[in-house]
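Here are my notes for someone opening this model for the first time. Have it on screen and step through the points in order.

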Amino acid sequence: MEPRDWTDGHVERWKPVLPDLDPDVEGAVTRMKKLSVHLRRVREQSLVDFDLDRQEFETLHKLAGRGGKAAPSELAADLDLAPASVTGRLDALERRGFIRRTPSTTDRRRVDVELTEEGRSTWLGAMDFLGHEEDRLLGVLDKGEQILLNDMLRRIMVVAEDRGGAAWD
């Protein structure tokens, strides 16, 4: 017999109340929600462990995603924030030694933002913490199953995004 999880009991409780409830759909959606909450909690714990707040992590993450160097205006666009909001974030990260601002080599009116070694190390540490949990969870599936799950979730997301759903980063 397959091991049972919390969602199995949830579906059993609701099936008599909602006779048309599809247990496979309800089970899948409920598990995706619970998994999302679990991963969010793990991410939040990684931020606590690395003494980062969410805004700091997001800014470091976007900067790392641009190869560790970007203009403040690029980060503002990536973060969907006003330039003044990004300036405040960058000030805080610079005080902590996670980034440095340098004059642009291509435009003397511009400043570039660069990750420092400490900033990269802190960001990678937080990322590794979450990555290990993702590997632990998906490690119960063999590689073929991981590929299949990824493909199935992609098909679902294409439909979700096509119906006016928000694009997530």
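1. Start with Asp51, which counts as exposed because its relative accessibility is 53%, and the cut-off for exposed is over 50%. Bear in mind that this is a predicted model. You'll find Asp51 in the loop between helix H2 (23-49) and helix H3 (54-65). Its backbone is worth a look too: Asp51 has a positive phi of about 55 degrees, though it is not a glycine. Most residues other than glycine have a negative phi.

2. Asp80 is not a glycine, yet its phi is positive, at about 55 degrees.

3. How do H4 and H5 cross? The axes of helix H4 (residues 72-79) and helix H5 (residues 83-95) come within 9 Å, and the crossing angle is roughly 105 degrees. That angle makes H4 roughly perpendicular to H5, since 65 to 115 degrees counts as roughly perpendicular. On the H4 side the contact is made by Pro72, Leu75, Ala76 and Leu79, and on the H5 side by Pro83, Val86, Arg89 and Leu90. Sorted by class, the contact of H4 with H5 has 7 nonpolar residues, 1 charged and no polar ones.

4. Next, look at H3 against helix H6 (residues 117-138). Their axes are 10 Å apart and the packing angle is about 105 degrees, so H3 and H6 are roughly perpendicular to each other. Phe57, Leu60, His61 and Ala64 come from H3, and they meet Gly119, Trp123, Ala126 and Met127 of H6. The class count for the contact of H3 with H6 is 6 nonpolar, 2 polar and no charged residues.

5. While you're on helix H6, pick out Thr122, which is found there. Is Thr122 buried or exposed? Thr122 counts as buried, because its relative accessibility is 12% and the cut-off is under 20%. Setting aside residues up to four places away in sequence, Thr122 touches Phe50, Leu52 and Phe98.

6. Another threonine to check is Thr102, in strand S2 (residues 99-103). With a relative accessible area of 19%, Thr102 is buried. Which residues is Thr102 in contact with, leaving aside its neighbours within four places in sequence? They are Val111, Asp112 and Glu114. With Glu114 there is also a polar contact of 3.1 Å, joining its side chain to that of Thr102.

7. Gly9 lies in helix H1 (residues 6-14) and counts as buried, at 16% relative accessibility.

How values were computed:
Residues numbered from 1 in each chain as written. Predicted model: local features only at pLDDT ≥ 70, side-chain atom pairs only at ≥ 80, totals over all residues. Heavy atoms only, no water. Axes fitted to C-alpha atoms, helices over the stretch in contact; angles between N-to-C directions. Helix = DSSP H or I, 4+ residues; strand = E, 2+ residues; numbered from the N terminus. Parallel < 35°, antiparallel > 145°, perpendicular 65-115°, else oblique. Contact = heavy atoms within 4.5 Å. Nonpolar A, V, L, I, M, F, W, Y, C, P; charged D, E, K, R; others polar. Buried < 20%, exposed > 50% of the residue type's maximum accessible area, 1.4 Å probe, protein only. Polar contact = N/O pair within 3.5 Å; in protein donor to acceptor, adjacent residues only side chain to side chain.
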